[in-house]
Amino acid sequence: MTSTVISGIGELVTNETTAGDTAPLGLVRDAALVIDGDRVTWVGPGVAAPAADERVDVGGRCVLPGFVDSHAHLVFAGDRVEEFSARMAGRSYAAGGIRTTVAATRAASDGELATTASRLVAEMLAQGTTTVEIKSGYGLTVTDEARALAVASALTSETTYLGAHVVPPEFDGDAAGYLDLVTGPMLDACAPYARWVDVFCERGAFDADAARAVLRAGQRAGLDARVHANQLGPGPGARLAAEVGAASADHCTHLDDGDIAALADAGVVATLLPLAEFCTRSPYPDARRLLAAGVTVALATDCNPGSAYSSSMPMAIALAVREMRMTPAEAVWAATAGGAAALLRDDVGVLRPGANADLIVLDAPTHAHLAYRPGVPLVTAVWKDGNPAIR
Ligand SMILES: [Zn+2]
């Protein structure tokens, strides 16, 4: 294997507080980092860097772990730009719009679904995302959910079965019948391709009892749980996530004190998705309240054609800082180490010996520029699995 030393790092974000001087980012100034194969093998001050086969000097720029986007819906067909335009003209978002994408997805070929999903993964990579979770949820038949997960599993190991996204039209008036399908034959077909089970626990989608049944069935099939919780209004999702031991409760826009205490006590990550609020012109989650309660906060895009058609983690960071009053350091941590925590991963979202060699070079001297310069493409190079993916 060829080793590479990346030198001239003005500010290195390690997310290892033992390595650096500043919590939570573990910053090292005037740093270097050595990659061997697909792993980081050394991190420290540039003057102490060991020799390597190759050297890349980044000229004083900031280097940070690749973004970990722990919530994305990338397997779909069509778009909903007319719905978006109507919403911007004053109509409100409702869960039923998902059905539009379901119809288009069912009508698409496997190749069309794979092309769209891989285009979005490439778009993410160009913006610094090196780990992405991808959900099913726009097929809602045994065959269409399984093929969505087959498409997703060709692109990531973090695949999520979301048959319980919405009750499809052919089950109108028979939600119980659809629940039997989701927890039975559909789960059997999807589990081989999935690492996670998820449910849209929301008014108009799945109530607490139905959502619990979905998550428990998935867990019995060997999948770990995550939950779409408390997005559109108060509800049982966050408490249910705590009850079943989910890794993450996602959205968390409408939480009461009991919900927050339940997340904190159970160690459930709260994954905040401010692009969804931005794109639906909705109130943002209260990140400060979660952080004050000691809840681990992650940031993700929620990239999907309905409520947040953005693949940009830098934009999510900028919104978290500007609209949710997170500090730049908190937001960058949440988009890297926080996302890793939401996926129960300790090999990504961090730069220390043994970690995946997934990293970003910013055309900026510090991580804070991600929020300070919203909308500017600062990601100038990306390394994934030790290879320069974008340069
Ligand atoms: Zn979602």
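Reader: What should I know about the model before reading on?

Author: The model is predicted: local features need pLDDT of at least 70, side-chain atom pairs count only at pLDDT 80 or more, and totals for chains, interfaces and linings use all residues. Residues are numbered from 1 along each chain as its sequence is written.

Reader: What is the order of the strands in the open sheet?

Author: The open sheet has 8 strands, in the order β6-β7-β8-β9-β10-β11-β12-β13. The pairing is parallel. Strands are DSSP runs of E with at least two residues, and helices are runs of H or I with at least four, numbered from the N terminus. Two strands pair if DSSP finds at least two bridges between them.

Reader: Why are β6 and β13 said to stand at the edges?

Author: β6 (67-69) and β13 (297-299) each have a single partner strand, so one side of each lacks a neighbour in the sheet. On average, neighbouring strands of this sheet are turned by 25 degrees against each other, direction ignored.

Reader: How do you know that β10 pairs with β11?

Author: Strand β10 (residues 224-229) and strand β11 (residues 248-251) are joined by 4 bridges and run parallel. Arg226 stands opposite Ser248 in β11. Strand β12 (residues 269-272) pairs with β11 over 3 bridges, in the parallel sense. There, Ala249 faces Ala270 of β12 as its opposite. Strand β7 (residues 129-135) and strand β8 (residues 158-164) also pair in the parallel sense over 3 bridges. Glu133 has Glu158 of β8 as its bridge partner.

Reader: What makes the β-α-β unit of β10, α8 and β11 right-handed?

Author: The test is the path from the first strand over the helix to the second: with the strands pointing away from the viewer, clockwise counts as right-handed. The unit of β10, helix α8 (residues 237-244) and β11 is right-handed. The crossover from β11 through helix α9 (residues 257-266) to β12 is right-handed too.

Reader: Why is α8 called roughly parallel to α9?

Author: α8 and α9 pack at about 20 degrees, with axes 8 Å apart. Angles under 35 degrees count as roughly parallel, over 145 as roughly antiparallel, 65 to 115 as roughly perpendicular and the rest as oblique. That makes α8 roughly parallel to α9. Axes are lines fitted to C-alpha atoms, for helices over the stretch in contact; angles run from 0 to 180 degrees between N-to-C directions.

Reader: Which handedness does the crossing of α8 and α9 have?

Author: The crossing of α8 and α9 is left-handed. The near helix is then turned anticlockwise from the far one by less than a right angle; clockwise would be right-handed.

Reader: Which residues of α8 and α9 meet?

Author: Ala238, Arg239 and Ala242 in α8 meet Asp259, Ala262, Leu263, Asp265 and Ala266 in α9. Contact needs C-beta atoms, placed from the backbone, within 7 Å. The contact of α8 with α9 has 5 nonpolar, no polar and 3 charged residues. Ala, Val, Leu, Ile, Met, Phe, Trp, Tyr, Cys and Pro count as nonpolar, Asp, Glu, Lys and Arg as charged, and the others, Gly among them, as polar.

Reader: Why are α3 and α4 called oblique?

Author: Helix α3 (residues 110-126) and helix α4 (residues 142-153) cross at roughly 40 degrees, their axes coming within 10 Å. α3 and α4 are therefore oblique to each other. The crossing of α3 and α4 is right-handed.

Conventions: Two residues are in contact if their C-beta atoms, placed from the backbone, lie within 7 Å.
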